[in-house]
2 protein chains.
Amino acid sequence: MQVTRATLGVVLRRDYEGQVCSIARTLEILGDRWTLLIVRDSFLGRRRFDEFRQSLGVPTNVLADRLDRLVAAGIFERVAYSERPPRHEYRLTAKGTELRVALVALMQWGDRHLSGPPPRIVRRRRDGAPVTAAIVATDGALVDPRELESVPGPGARGAP
Amino acid sequence: MQVTRATLGVVLRRDYEGQVCSIARTLEILGDRWTLLIVRDSFLGRRRFDEFRQSLGVPTNVLADRLDRLVAAGIFERVAYSERPPRHEYRLTAKGTELRVALVALMQWGDRHLSGPPPRIVRRRRDGAPVTAAIVATDGALVDPRELESVPGPGARGAP
């Protein structure tokens, strides 16, 4: 389902504190699965229009639209790599690179529950140490999701 | 955009190792934003059909469909809480609860880049310690997303 700003206006009803929910705001940008798969491809080293098109089989006009949105959102930057002929590629910004935590979490959830042996492994580059997306407290301890609570923050509706 | 199994068949081309990608498989289940927002609501303590409907403003038939899919996927379980009249609610399973890592990662990315002061804060229940979704190596060290690499795993196409 396409969720546009208009339908999000329905999702985020004015009488609902969720209208200032960062998950909803993030999903408004990352929107459809093409977009998340394009970002995933970027983490796999793809940068050029034709690389994304070939790997995803996404129609050219859709891919162009999604790349434009990712640039507008500051997740990708468009960088020239040739002047004659003019050619550019799409690189993750620092903001885009931070999305990797969420993508690794989605991947590892799928690994545990859907995939059997993991199709890909994410590891620390310098020594190949396996890594895990996890919830960490300020004291460095890993926190089980069952031990979490969600409370209104300073940006909540009606907060001082 | 609605991504059905048919269009995913295009996304995951047979000549592409990504066809065994756990991110794509996870997104096939979590699909549209309604579904992720329903799961988010569940983490906020909502369990009953009317609670989801009121908080999200989602049409009744859409909500019923998404809840059925979440039950079929083993993310929610349907539990009777009244026999007369028959009433049930939707509770996260252990598998569903593990999605919280990805949702906290999406929320905190939005907090940092889209929202200003955080609308909600996730913390450890027993002491209120703030928590962060992060990438952790086997030695317990936090790993910057730029220091990660992705390599084929034992479930990769053509792996032994």
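Helices (H or I, at least four residues) and strands (E, at least two) are DSSP runs, numbered from the N terminus. The model is predicted, so local features need pLDDT of at least 70 and side-chain atom pairs count only at pLDDT 80 or more, while totals for chains, interfaces and linings use all residues. Residues are numbered from 1 along each chain as its sequence is written, chains are lettered from A and ligands numbered from 1 in the order in which they are written, and side-chain values use heavy atoms, without hydrogens and water.

The model scores ipTM 0.85 and pTM 0.85. In chain A, confidence is lowest in helix H1 (residues 5-11), at a mean of 43, and highest in strand S4 (residues 131-137), at 97.

Chain A has 7 helices and 5 strands. Their order from the N terminus is α-α-α-α-α-β-β-α-α-β-β-β. Buried residues (under 20% relative accessible area, with exposed over 50% and partly exposed in between; 1.4 Å probe, protein chains only) make up 52% of the 160 residues in chain A.

In chain B, helix H3 (residues 33-43) is largely enclosed by the rest of the structure, because 11 of its 11 residues are buried. Among them are Trp34(B), Arg40(B) and Asp41(B). Gly45(B) follows H3(B) and has a positive phi, near 100°.

Ile75(A) is in contact (heavy atoms within 4.5 Å) with residues including Val39(A), Leu70(A), Arg91(A) and Trp109(B), its neighbours within four places in sequence left aside.

Methods:
pLDDT is the predictor's confidence in each residue, from 0 to 100.
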